[in-house]
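Open the model in your viewer and follow the stops below in order.

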Amino acid sequence: MTPSAKADARLEQSTPRTAARFTLPTVLVGVALVAMSISGTAIALPDIGRELSAAGSLLNWVVAGYNLAFAAMTLVVGAASDRAGRRRVFVIAAALFAAGFVATACAPTIQFLDIARIVSGVGGAGMMAAGGALLAHTYEGAARNRAFALMGTMAGVGIAVGPSLVGALISAVGWRGSFSVFAAVAVIITIAATRLTESRDKAAQTDWIGSTLFVVTLSAFMFSLLEGPEYGWAHPTVLVGFGIGLAAAIVFALSQRRSSAPILAPELVAHRGFMGWCLATLTTSIGFLGVLVFLPTYLQSVSGYTPIAAGFFMLLLTAPVLVAPMLAAILVNRGFSARLLILIALVLVVFGNAGLLALRPEHTMGPVVVPLLLIGIGMGTSFGITDGQAMALIPSRLVGTAAGFLNTVRGAAEALVIAVFSASLLAVLTERLDNAKHASDVSAGHLAEPGSAARNLEIDAFTGSWHFTQIGVGTLCLILTLIVTVLLFTRSTSAHEKETNASEI
């Protein structure tokens, strides 16, 4: 037996009490940091764009690249952690996350920064997927529900404080300094993670062909969606990107049917209840993230907010995510129907996005206070119950794959909504301003001087494009809510699903 294997064997003999003592706080801090890096980065975009002379798709890749890597790799890393070891994957992922943020803080060009953000996204994917698998392995029953509720709460903490914290850091030490702080905390998490107990499914296999096809599929679609407004939707590069994505998706679907260890386990995809909860978290992510990423730029460029002021304004959206997860878990543990609770959350997200049509440049705060709160409450409720409810439906041997699947659905929704939201904004702006370069600058927050006629025209176009995009987001969330309702509230096809729905674990 190799020294590494002996060390793993000793770790695996540790008591559950020791595992819980170190696993829970380490995973929770990692989750909070990953969430902060998602919600806070949007505050830095205007400053990054000005310093690195970036706009359009190159600037959008700062956020989209991170989310693309997160979405594409979460499923892959989740499945791999079952075999390679969940602790080992978490440690490597945390180190990669830290390295990406160091590179981001030192980036000399926007292209370098985009690549560094992708590296951090891969690390964040590993931390979330392996962290969720570690919790699922360590806890059972009500304790598992509480652990995942705490995970949702910490994700809520990260999302809630991310914009205001990054805004404060930017005001104090600049955007580069803010990324350096994230890197330092990630190093601490990496060191702490080396003390976690190891767990794995020694019989697990890794589907490298399926993993590669999945990454290619999502990357190709994301590239085409982000570059389409600038290249033109009929440009050969964009069409080739869509073609590659479609071809890879078809081959991926076929490969999963024949693979002996598919990264999308057929029993997960075929499980009505599990898929219902996955689509629920996808819906809330779509309704939440577009606002989270693009509203800060509007606030700073149109309403004249400073980074720190914009960050605190975003608390209307993010603060409910801080408290709603634990409240939702408490309600479910006391007998309230989890399915009814998630339906209420989805309805809140739909109405909240519809309410954001009231956004006006002359009255930024008043009309959108209630819509932002509704979206935040819906997202927070989802955070508190979806993971625990979904994970309770699947066998323990698939906890890594299931955790990866859940976070991939969430991450893919976030990545794609950024791309689609960006493409929609740029398309409408280009039509109204009749200049693609001008539209790209406006979407990045680079507007004309205050009081000028050109600025008034830009603000009108920016506001109109926002309204158009929100109509699309709200409609999509409504359609998905109806689908989730059918999956969760119609009769289940298996006895196990009926038993689970009846007990509302």
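A crossing counts as left-handed if the near helix is turned anticlockwise from the far one by less than a right angle, and as right-handed if clockwise. Keep in mind that this model is predicted.

**First stop: H7 and H8**

Select residues 208-231 for helix H7 and residues 236-258 for helix H8. Their axes come within 8 Å and cross at roughly 155 degrees. Angles over 145 degrees count as roughly antiparallel, so H7 is roughly antiparallel to H8. Coloured by class, the contact of H7 with H8 shows 16 nonpolar, nine polar and one charged residues.

**Next stop: H13 and H17**

Now select helix H13, residues 338-355, and helix H17, residues 453-489. These two pack at an angle of about 165 degrees, and their axes are 8 Å apart. That angle makes H13 roughly antiparallel to H17. Here too the crossing is left-handed, with H13 passing H17.

Show side chains for the contact. From H13, select Arg339, Leu340, Ile342, Leu343, Leu346, Val349, Val350 and Asn353.

**Last stop: H16**

Select helix H16, residues 436-443. Which residues of H16 are buried? They are Ala439, Ser440, Asp441, Val442 and Ser443. Then step just past H16 to glycine 445, which takes a positive phi of about 95 degrees.

Notes. Residues numbered from 1 in each chain as written. Predicted model: local features only at pLDDT ≥ 70, side-chain atom pairs only at ≥ 80, totals over all residues. Heavy atoms only, no water. Axes fitted to C-alpha atoms, helices over the stretch in contact; angles between N-to-C directions. Helix = DSSP H or I, 4+ residues; strand = E, 2+ residues; numbered from the N terminus. Parallel < 35°, antiparallel > 145°, perpendicular 65-115°, else oblique. Contact = heavy atoms within 4.5 Å. Buried < 20%, exposed > 50% of the residue type's maximum accessible area, 1.4 Å probe, protein only. Nonpolar A, V, L, I, M, F, W, Y, C, P; charged D, E, K, R; others polar.
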